[in-house]
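Dear colleague,

I am handing over a structure that will be new to you, and I would be glad if you kept it open while you read. My notes on what was found follow directly below it.

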Amino acid sequence: MRHDHLITSKQLSRADIETVLDRAAEIDADPSAVADRHAETVLGLLFFEPSTRTKMSFETAMKRLGGDVVDMGSVESSSVKKGETLADTVRVIEGYADALVLRHPKQGSATMASEYVDVPLVNAGDGAGHHPSQTLLDLYTIRENAGLEDLTIGIMGDLKYGRTVHSLAYALTNFDARQHFISPESLQLPREVVYDLHQQGGTTGIREHESPEEVLPSLDVLYVTRIQRERFPDENEYQKVAGEYQIDAETLEAASDDLTVMHPLPRVDEIAPEIDATDHAAYFEQAHNGVPVRMALLDLLLSEQGGDGDE
Amino acid sequence: MSNDRDRHDGDDDHALRVSKIRDGTVIDHVRGGQALNVLAILGIDGSEGEELSIGMNVPSDRLARKDIVKVEGRELSQDEVDVLSLIAPDATINIVRGYDVVEKHRVERPTVVEGVLSCPNPGCITTGNEPVTSRFSVLEDGVRCSYCETIVRDEIASLIDT
Ligand SMILES: [Zn+2]
């Protein structure tokens, strides 16, 4: 990797992705080998929006590399409440930390913040924008379960507001995956994302559907996201589509035995609990993969400090 | 373009509507109705005492109807001219000194425009209180915010930061 910051999955080449995933696999196989690798290193956690899991996952990753974290705490208790700008906050915390992780409700916040700091900055979600470290752990999970070669994936649910979906779709264009996007019409992929996917050369492998039925049998992976009731202008509209996008044992009868079911979690009722114990379920494993993948990511970003980036 | 009448249609045929200037810039072949947006993009509103002549919806050979903007005492920079291309892609810029056109050029589309347009996405970081200058990359058929990535194809003039 030759990036100072990780802002969007669009900046990741196939080689970059493979570097992170390979490193994650090494760490996963022998975590003790990296236990002191980043002793003395401090990671700054700037979460302007609650996200316990992502935050804990980064915190765990840094500590397992021998480092520590500083946490600005909740927005309510911080100087943000007093009206401090993000640009000021990141410049202050940069003085305490060797790298920063930013979650912020505004789109483009990570891009802007990265213009103010010299330490590596990882975007852990910018509004409806991007969430690239989630994408890396999704890719890791896909590689472990189904492989990234010759992949047919269905991505289902709220494709409009789902930043994890957008990030994953961009990254998968590196692997020529066949991508089937399944959603109610009102929650289709934003046209801008479709535009980008075409720009990235993903034109052949992108299809949009309103129902999972026709594509389910052909899928290697089904990536389910939560349809948020509050996104619908009226309850009736929600009720019409809600049932269509829930996965249970009966739905999966039409699927391949090898189908891997993923979900970025938390889920509500998109995946019935009866799936949890089957070989299809990979969502808890997916969540656990966040730690080795973020360890690998931090290791690669921090190890480039002081160098000129040439490899 | 080489048509003599066309080249002069602003200055001669419609002399009564848009008077000649001595020193300054004539922006010709602006799409009909866009003259006020051209002034907005240039940050000219007359409050500095600038002497302006504006012709709107003047008949033209090249465009069915065109606008002309004449700014006395001010020569546009290349940057300003480039930004004009977003709303006036056919415009010709004439720099006038002593009543003579001393330079004449076409606008060129820049790859990036900074500090000119404001992002229409209320969820964009540039719409908050941050000390950030708006930046848009110029696409073939629109502009795109460099921060939130929103693409705007129509109504670019309405984004002009005034
Ligand atoms: Zn924007």
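To begin with one pair of helices, helix 5 of chain A passes helix 6 of chain A in a right-handed crossing, where right-handed means that the near helix is turned clockwise from the far one by less than a right angle, and left-handed that it is turned anticlockwise. Please bear in mind throughout that this is a predicted model, in which local features need pLDDT of at least 70 and side-chain atom pairs count only at pLDDT 80 or more, while totals for chains, interfaces and linings use all residues. Residues are numbered from 1 along each chain as its sequence is written, chains are lettered from A and ligands numbered from 1 in the order in which they are written, and side-chain values use heavy atoms, with hydrogens and water left out.

Helix 5 (residues 132–145) and helix 6 (residues 163–172) of chain A pack at an angle of about 60°, their axes being 9 Å apart; axes are lines fitted to C-alpha atoms, for helices over the stretch in contact, with angles from 0 to 180 degrees between N-to-C directions, and helices (H or I, at least four residues) and strands (E, at least two) are DSSP runs numbered from the N terminus. The two are therefore oblique to each other, given that angles under 35 degrees count as roughly parallel, over 145 as roughly antiparallel, 65 to 115 as roughly perpendicular and the rest as oblique. Among the residues that meet here are Leu139(A) and Ile142(A) from helix 5 and Leu168(A) and Ala171(A) from helix 6 of chain A, contact meaning heavy atoms within 4.5 Å.

Helix 5 of chain A also meets helix 1 of chain A, the axes coming within 10 Å and crossing at roughly 70°, which makes helix 1 roughly perpendicular to helix 5. The residues of this contact include Leu21(A) and Ala25(A) of helix 1 and Leu136(A) and Tyr140(A) of helix 5, and this crossing is right-handed.

Helix 1 (residues 14–29) and helix 11 (residues 290–303) of chain A have axes that come within 8 Å and cross at roughly 120°, in a right-handed crossing. Val20(A) and Ile27(A) are among the helix 1 residues in this contact, and Val293(A) and Leu297(A) among those of helix 11.

Two backbone details in chain A deserve a look. The peptide bond from Leu265(A) to Pro266(A) is cis, with omega near 5°, and Pro266(A) is found in the loop between strand 9 (260–262) and helix 10 (283–288) of chain A. Asp150(A), in the loop between helix 5 and strand 5 (152–156) of chain A, has a phi near 55°, a positive value in a residue other than glycine.

In chain B, the zinc ion is coordinated at 2.3 Å by the SG atoms of Cys119(B), Cys124(B), Cys145(B) and Cys148(B), donors being N, O and S atoms within 2.8 Å of the metal (3.2 Å for Na, K and Ca), and because water is not among the atoms, sites may look incomplete. In sequence these donor residues are spaced C-x4-C-x20-C-x2-C.

With regards
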